[in-house]
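The sequence and structure are shown first.

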Amino acid sequence: MITATQAGVRVRPITPADNPLIAQVIRDVSAEFGLTADKGYTVSDPNLDRLFELYSEANSAYWVVERDGQVVGGGGVAPLLCSDADICELQKMYFLPAVRGLGLARSLALQAMEFARERGFKRCYLETTASLTRAIKLYEHLGFRHIDGPLGCTGHVDCEVTMIREL
């Protein structure tokens, strides 16, 4: 787990007080990339304002990234709904511009996959969109491979990039 503070950056488990803060980060980053609710992206998720509660469920976790005490990003993992029991999903990885390029997404993804592996998951799935080219490049570098179509029932109808990785 990432715990060290580097350049004022800290990664920690989500708390109830983080709900509105990380929801705003997700909304801001989504708007930056044109990922609107009407297209089925994360901003349309009815649970967006209650991520602490969502990720308090079994075999789920979410971490927030703070910089100088401000929430600037986060990411999580949970079982993939409507799927094989051994598949988890890397979810809601969003970072404000101020902390992009610091390796936090890579570290957080690895932390999430280790969490999942420790809980018996064998594969990790994710969905994203082609406009997030830096994210796709990161996922490919982490060993995710592209697959032909979606798994499970995520509700992200416009996430045309689907990937999976063995854990």
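This is a predicted model: local features need pLDDT of at least 70, side-chain atom pairs count only at pLDDT 80 or more; totals for chains, interfaces and linings use all residues.

The cysteine sulfur closest to that of Cys124 belongs to Cys88, at 3.7 Å. A disulfide requires the two sulfur atoms to lie within 2.5 Å, so the separation of 3.7 Å between Cys124 and Cys88 is too far for a bond.

## The disulfide

The count under this criterion is one disulfide. The bond joins Cys82 to Cys153, with an S to S distance of 1.9 Å. The link of Cys82 and Cys153 is right-handed, with 65° about the S-S bond.

Distant parts of the chain are connected by this pair, whose members are 71 residues apart. Cys82 is in the loop between β3 (70-79) and β4 (87-95), and Cys153 is in the loop between β6 (145-146) and β7 (161-166). As for solvent accessibility, Cys82 counts as exposed at 62%, while Cys153 is partly exposed, its relative accessible area being 39%.

## Glu114 in helix α3

Glu114 belongs to helix α3, which spans residues 104-118. Its relative accessibility is 33%, so Glu114 counts as partly exposed.

In sequence, Glu114 and Leu167 are separated by 53 residues. In space, their C-alpha to C-alpha distance is 8.0 Å.

## Nonpolar cores

The largest nonpolar core comprises 29 residues. Within this core, the residues with the most contacts are Trp63, Val65, Leu90, Tyr139 and Phe144. At least two residues of the core come from each of β1 (9-13), β2 (61-67), β3, β4, α3, β5 (123-128), α4 (133-141) and β7. Among these contributors, α3 gives the most, with seven residues; Glu114 also lies in this helix.

There is also a second, separate core, which has 15 residues. Its members include Ala23, Leu48, Val64 and Tyr94.

## Summary of the cysteine picture

Terms used
Residues are numbered from 1 along each chain as its sequence is written. Side-chain values use heavy atoms; hydrogens and water are left out. Helices (H or I, at least four residues) and strands (E, at least two) are DSSP runs, numbered from the N terminus. Buried means under 20% relative accessible area, exposed over 50%, partly exposed in between (1.4 Å probe, protein chains only). A nonpolar core is a set of buried Ala, Val, Leu, Ile, Met, Phe, Trp, Tyr and Cys residues joined through side-chain atoms within 4.5 Å.
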